[in-house]
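Here is a colleague's note on charged side chains. Please read it with the model open.

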Amino acid sequence: MSQNPSRAKQAKLIRNFRKIHRITGLVLFVFFLFVAISGILLTWKKNSGGLILPKSQKGTSTELSEWLPLERLQSIALQVYRDSISAETLPELDKIDVRQRKGMVKFVFNEGYWGIQLDGATGAVLQIERRWSDLIENIHDGSVLDHWFRTAGGLKLFYSSVTGLALLLFSVTGFWLWYGPKRMRKKLAR
């Protein structure tokens, strides 16, 4: 008994999708592992009890008119970095996060994922923190590769594009691997 050409064509398509799905999965396994684990950790960062994302401390005043000038607070943060974290490296500031409602300013540094929280009004150190959430985010989006290899964003673009396209490919091939045999059985039953 000869096989229906349409059925043979569908079976070949399913075999090809299975092969693409399997080979792509093997090649990109490590990427997916990093994206999945870092994604889970980022989902839980605010509920980690300060392990992943340091808790924002409260300063003494939420009135900006009572705060020290931002330049003065930055100078204090740089000195605290040199005194408490590393006197050998010149700290490069990544961002300044002003939290008026908390009366606090966070100074986030590029090297080592360090952050320093200062009271906006007094300049007192509220917390010196390791910002693991920033590292996890950089692993998740691939920018950690650019940081390690000192490149200008090309590796992040490649990493994110490959993992995004692979997820799209896996969605299509995975759906077809599920739906294709059902469709073939339904046609065979008719």
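The points below cover the basis of the note, the salt bridges and a charged patch.

1. This is a predicted model: local features need pLDDT of at least 70, side-chain atom pairs count only at pLDDT 80 or more, and totals for chains, interfaces and linings use all residues. Numbering runs from 1 along each chain as its sequence is written, and side-chain values use heavy atoms, without hydrogens and water.

2. The whole structure holds four salt bridges. The term means a side-chain nitrogen of Lys or Arg within 4 Å of a carboxyl oxygen of Asp or Glu.

3. Asp97 and Arg99 form one, at 3.0 Å from N to O. Arg99 is partly exposed at 31% relative accessible area. Asp97 is also partly exposed, at 23%. (Buried is under 20% relative accessible area, exposed over 50%, partly exposed in between; 1.4 Å probe, protein chains only.)

4. Arg131 pairs with Asp134 at 2.8 Å, N to O. Both Arg131 and Asp134 are buried. A salt-bridge network links Glu129, Arg131 and Asp134.

5. Lys156 meets Asp141 at 3.5 Å, N to O. This pair connects distant parts of the chain: Lys156 lies in helix 6 (residues 154-189) and Asp141 in helix 4 (residues 132-141), 15 residues apart. Helices are DSSP runs (H or I, at least four residues), numbered from the N terminus. Lys156 is partly exposed, at 33% relative accessibility.

6. A positive surface patch brings together Lys12, Arg15, Arg18, Lys19 and Arg22. Patch residues have over 30% relative accessible area and no salt bridge, with like charges joined within 9 Å. Arg18 sits in helix 1 (residues 5-27). Its relative accessibility is 39%, so Arg18 counts as partly exposed.

Terms used:
Patches are made of residues with over 30% relative accessible area and no salt bridge: like charges are joined within 9 Å, nonpolar side chains (Val, Leu, Ile, Met, Phe, Trp, Tyr) within 5 Å. Accessible areas come from the Shrake-Rupley method with a 1.4 Å probe; for residues, only the protein chains shown count as cover. Lys and Arg count as positive and Asp and Glu as negative; His and the chain ends are not counted. The place of a charge is taken as NZ of Lys, CZ of Arg, CG of Asp or CD of Glu. Helices (H or I, at least four residues) and strands (E, at least two) are DSSP runs, numbered from the N terminus.
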